[in-house]
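Please look over the sequence and structure first.

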Amino acid sequence: MWPGESLLYVLRERMGLPGAKNACEQGECGSCTVYLDGTPVCACLVAAGQAQDRDVVTVEGLADGSDLHTVQKAFVEAGAVQCGFCTPGLVVAVHDLLERDPAPSDPDIREALAGNLCRCTGYEKIMEAVRLAARS
Ligand code: FES
Ligand code: FES
């Protein structure tokens, strides 16, 4: 491994964890969001060497085996997944939001997800998924 490779590359290409998506590779879209030591980061902007010996959790790690996390279930139930490219990053961002604020207002949800772009849904189904996850 070259230490200058991105964490996203290492997760997807070397570790077989394709959950975090590579959409822009410039820190603009949030599709590659993962937890690094408990803080959501864009994995495309983190050099693999910076992540060494630190705690990384991807969207795969939020599920309990084949039992999806509440946030993941809510995205499916609300119909908030279309092409799915934005979904893993959004799930991590929503997971983080609900850890900090279990009952966020709509403006708080919008603010928390401002860094996660979706080209398909128009965001309303995503808002519904967050509300559903917060109620679950
Ligand atoms: S792929 Fe990392 S922010 Fe878009
Ligand atoms: S579902 Fe396609 S980008 Fe969001």
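Helix α3 passes helix α6 in a right-handed crossing, meaning that the near helix is turned clockwise from the far one by less than a right angle. The model is predicted: local features need pLDDT of at least 70, side-chain atom pairs count only at pLDDT 80 or more, and totals for chains, interfaces and linings use all residues. Residues are numbered from 1 along each chain as its sequence is written, chains are lettered from A and ligands numbered from 1 in the order in which they are written, and side-chain values use heavy atoms, with hydrogens and water left out.

**Helices α3 and α6**

- The axes of α3 (residues 70-77) and α6 (residues 124-135) come within 8 Å and cross at roughly 135°.
- The axes are lines fitted to C-alpha atoms, for helices over the stretch in contact, with angles from 0 to 180 degrees between N-to-C directions.
- On the α3 side the contact (heavy atoms within 4.5 Å) is made by Thr 70, Val 71, Ala 74, Phe 75 and Glu 77, and on the α6 side by Ile 126, Ala 129, Leu 132 and Ala 133.

**Helix α1**

- Helices are DSSP runs of H or I with at least four residues, strands are runs of E with at least two, and both are numbered from the N terminus.
- Leu 7, Leu 8, Val 10 and Leu 11 of α1 are buried, that is, under 20% relative accessible area (1.4 Å probe, protein chains only), where over 50% is exposed and in between is partly exposed.
- The cover over these buried residues includes β1 (33-36), α2 (48-51) and β3 (56-57).
- Glu 13 lies in α1 (residues 7-14) and is exposed, with a relative accessible area of 52%.
- Gly 16, which follows α1, has a positive phi near 70°.
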